Amino acid sequence: MDLRRIEGKGETEAMKYEHMTEGIFLSRPNRFIAMVEAEGSQAKAHVKNTGRCRELLIPGTKVFLQKHSNPERKTKYSLIGVMKGDVMVNMDSQAPNHVVREWLEQGGIYQNPDLIAAERKYGGSRFDFYIEGDGKKAFVEVKGVTLEEEGIARFPDAPTERGVKHVKELMKCIEEGYEAYIIFVIQMKGTWRFEPNDKHHPEFGTALREAGQAGVHIQALDCKVGIDSLVIDQPVPVVLD
């Protein structure tokens, strides 16, 4: 993936991208491809986020691209980040799991984790992480957030039946004696609270509120975003009312 991890200044480590360059977003023919202007010519870039991202991908917007050297690739670039006003937003949908893994290893949930396993199956779902530590066991689901409106981070930006299923499965984990967490990784700075996006998918909001009442831990964390890096920074208040 052309990724490596570097030491950060805080308790967690930053995820580092290599071979980055700037470009201009032109259009998005489909959810996987963007047309960009980069290094003096127009080219195709793989969009590493299948969400709508309409408030981000506006023609003329500055974007940040990872350049690939593999001649067998269909696209020369991957679209990693975008400027929204003066805020840099990471829109790589794979990035939240990478930075949460680092956060977990540094004691994000359990101070002394004994086991951190990715992609652990439970019931009819496959959760992003299963962890053990401090005498407890938990399943963890991670959701990346790129939608921001007037300082409020919201998820999802489009209906997600899969997301509803995950939330309901987390409640079953609670019933069977596990702890359960859903972590919303806000891939930017500058938000002051997180809310479920009831306008775009009220069913998800309903499920999330039920999960909170059932004992599922719901957390939101923002990130420091660099042209070639991403690292979890601070918790953001979660508002479900």
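Mentor: Lys84 stands opposite Val87 in E8. The strands here are E7 (residues 77-84) and E8 (residues 87-90), which pair in the antiparallel sense over four bridges. Strands (E, at least two residues) and helices (H or I, at least four) are DSSP runs, numbered from the N terminus, and two strands pair if DSSP finds at least two bridges between them. Together E7 and E8 form a hairpin with two residues between them, and Gly85 in the turn has a positive phi of about 65°.

A word on the source: this is a predicted model, where local features need pLDDT of at least 70, side-chain atom pairs count only at pLDDT 80 or more, and totals for chains, interfaces and linings use all residues. Residues are numbered from 1 along each chain as its sequence is written, and side-chain values use heavy atoms, leaving out hydrogens and water.

Now for the other spots. Most residues other than glycine have a negative phi, and most peptide bonds are trans. His19 is not a glycine, yet its phi is positive, about 60°. You will find His19 in the loop between strand E2 (14-17) and strand E3 (20-30). With 52% relative accessibility, His19 counts as exposed; the cut-offs are under 20% relative accessible area for buried, over 50% for exposed, and in between for partly exposed (1.4 Å probe, protein chains only). Asp134 also has a positive phi, near 55°, and sits in the loop between strand E10 (125-133) and strand E11 (136-145). Its relative accessible area is 41%, so Asp134 is partly exposed.

Finally, look at Phe155 and Pro156, joined by a cis peptide bond with omega about 0°. Pro156 belongs to the loop between strand E13 (152-155) and helix H2 (161-175).
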